[in-house]
Amino acid sequence: MATAPTREIGYERAEVRSAARPGSPGSSRRHGIGFWLAGYVFAITMAFSAVPAPLYVLYQARDHFGAMLVTIIFSVYALGVAVSLFLVGHVSDWLGRRRILLIAVGVNMAAGLLFIGWPTIPGLIIGRVISGVSIGMLSATSTAYLSELHAAARPGAPRTRAEMVAAAASLGGLGLGPLIAGLLAQYAGAPLQVPYLVFEALMLVGCLALAVTPETVAPPEQRRRYRPQRIAVPAASRARFYAASVATAVAFALFGLFTSLAPGFIAGTLHDGSHALAGTATFIVFGAAALIQIATSRTALRRQLGVGLSLLAVGLIGVTVAIWNPSLPLLLTGGALAGAGAGAVFKGSISTVLDIAPAHARSEALAGLFLAAYLGLAVPVLGLGLATQAFSARTALLGFSVVLAAVIALVARRLLARRPA
C-alpha cells in the first residue's frame, strides 16, 4: 500500500538510529528501570516549574505589586518555554535524549538558585524565563525518551503505558509543585526559600538518576546542520496535527487561567490567606488531569477527545460562574472538571501526533505540539490581564470564556469527524 508522502519543512531527511539494543533480559531490565527514572526526572522538573504559583501572593504582599505584574511574570515563563521549544526542543533527535535532559535539569536548578539568591521582582522575572527555557528543552525530549525506553524494555508492546506516564508526569508534576510549595509555605519557615531548596535537592537526585539511564538515540553518521524547530509530519495528516495543536493550546489556556487566577481569587475575593489551600486548588486541577489520563488509557482516541472537550467546556462554565458568584466549592469543582477535560485532550493530542509523526522526527513533531501548548498557556492569560485594564475582571473573564468555548466547538468538529478507514 502506498503511503502519504512526507513533506519536511526543516532538517534534511536523516534516520535517527536507536541506540537501544533490546533483546537480552539485562538490556530490557535496564531500559525498564530507566523508563521510571526518566519519568521521575520529567515529573519533578515540571513540578519545580510550578512552585511559584502559590507564592505569588507572598511576593505581592512584600513588594506591593498588582495582578497585572503577576500576569506578566506568568507569561514570561511561557514565553521562555515557547522560545526554547522553537530553538532547541527538537535537538535531542540527534544530540541524544539523556544529554538534553541533563542540561534541562541543570538550567532549572540554576533558576532555583536565582530565586533563592535574588528574591526581587527582576530576579523573579529572569528566573521564570530561565525556568521556561528548561521546560522547553525538557517536554518533547522526555516524551520521546519515555516512548523509546518503553519500546526497548517491552519490544512489541503497545505504546499506551509510555503515553500515560509521559502525560501524567507532565501534568501531575505541574500539580505537585504548587501543592508541595503551598504546604511548605504554610507550615515551614522561610516560605520564599524552603520550597526552592527542597526541589533543588529533588532535581539533584534526578541528575544522578539520569547518569544510569541508557541513551536511546545514537549520534547520526554525518553531523546535521542546525535549524530552528519546523513541522515534519505527513502532508495528508497536516490538518490533524494542527487540530491537535489547537486543542492542546485550549487545554493549556485553561491551565494558565486557573494557575494565574485561583491563588489571588482565594486570597483576595474569598479572604482566605492559606497558602496550602492555594496550592491544593492548583493541584486539584492538574491532579484531575493526570487521573483521567490513567482512567482513559485504554479508551478509543476519538472517544477520549470527545469526553475531554466536553468536560473542558463544562468545567470552564463552572469556573466562570464561581468567579461571578464567588464560591470556593464551585471553583474547585469547575476546576476539577476542566482539568480532567484538559488532561484527556492533552493525552489524546499526544497520541494523535505520535501516530502521524515520522519516526526520525518524533521529538520535532512533539516540540511543535508543546510549542502550541505553551503559547496557549501564555497568550490568552496575557490577553485576559490586559483586558482587565479596560473592563472589570468578571467581564474580562466572561469574554475569555466565550472565546475559548467557541474554539472548543471548532476543534471538536475537526478532531471528532469520522475519517474513512
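Modeller: Here is a conversation about the terms used for this chain and the values behind them.

Modeller: This is a predicted model, in which local features need pLDDT of at least 70 and side-chain atom pairs count only at pLDDT 80 or more, while totals for chains, interfaces and linings use all residues. Residues are numbered from 1 along each chain as its sequence is written, and side-chain values use heavy atoms, with hydrogens and water left out.

Biologist: Thanks! How many helices and strands are in the protein chain?

Modeller: The protein chain has 14 helices and 2 strands. These are DSSP runs numbered from the N terminus: helices are H or I with at least four residues, and strands are E with at least two.

Biologist: Why is arginine 97 called buried?

Modeller: Buried means under 20% relative accessible area, exposed means over 50%, and partly exposed is in between (1.4 Å probe, protein chains only). Arginine 97 has 1% relative accessibility, so it counts as buried. Aspartate 93, at 4%, therefore counts as buried too. Across the 421 residues of the protein chain, 56% count as buried.

Biologist: What makes arginine 97 and aspartate 93 a salt bridge?

Modeller: A salt bridge is a side-chain nitrogen of Lys or Arg within 4 Å of a carboxyl oxygen of Asp or Glu. The closest N and O atoms of arginine 97 and aspartate 93 are 2.9 Å apart, so the pair meets that definition. Side chains of opposite charge can pair when their charged atoms come close.

Biologist: Which other residue forms a salt bridge with arginine 97?

Modeller: Glutamate 148 does, with the closest N and O atoms 2.6 Å apart. This pair links distant parts of the chain, since glutamate 148 is in helix H6 and arginine 97 is in helix H5 (residues 97-117), 51 residues apart. Both glutamate 148 and arginine 97 are buried. Asp93, Arg97 and Glu148 are linked in a network of salt bridges.

Biologist: How many salt bridges does a search of the whole structure find?

Modeller: The search finds 3. One of them joins arginine 62 and aspartate 63, whose closest N and O atoms are 2.8 Å apart. Arginine 62 has 35% relative accessibility, so it counts as partly exposed. Aspartate 63 has a relative accessible area of 27%, and is therefore partly exposed as well.

Biologist: Which residues of helix H2 are buried?

Modeller: In H2, residues 56-63, they are Tyr56, Val57, Leu58 and Tyr59. What covers them includes helices H3, H6, H7, H8, H9 and H10. Histidine 64 follows H2, with a positive phi near 60 degrees.

Biologist: What makes the nonpolar surface patch?

Modeller: Leu79, Val83, Phe86, Leu87 and Tyr226 make a patch of about 440 Å². Patches are made of residues with over 30% relative accessible area and no salt bridge; like charges are joined within 9 Å, and nonpolar side chains (Val, Leu, Ile, Met, Phe, Trp, Tyr) within 5 Å. The areas come from the Shrake-Rupley method with a 1.4 Å probe, and for residues only the protein chains shown count as cover. Leucine 87 is found in helix H3, and at 36% relative accessibility it counts as partly exposed. Tyrosine 226 is in the loop between H8 and strand E2, and at 41% it also counts as partly exposed.

Biologist: Which residues does isoleucine 126 touch?

Modeller: Leaving aside residues up to four places away in sequence, isoleucine 126 touches Leu114 and Trp118. Contact means heavy atoms within 4.5 Å. Isoleucine 126 lies in helix H6.
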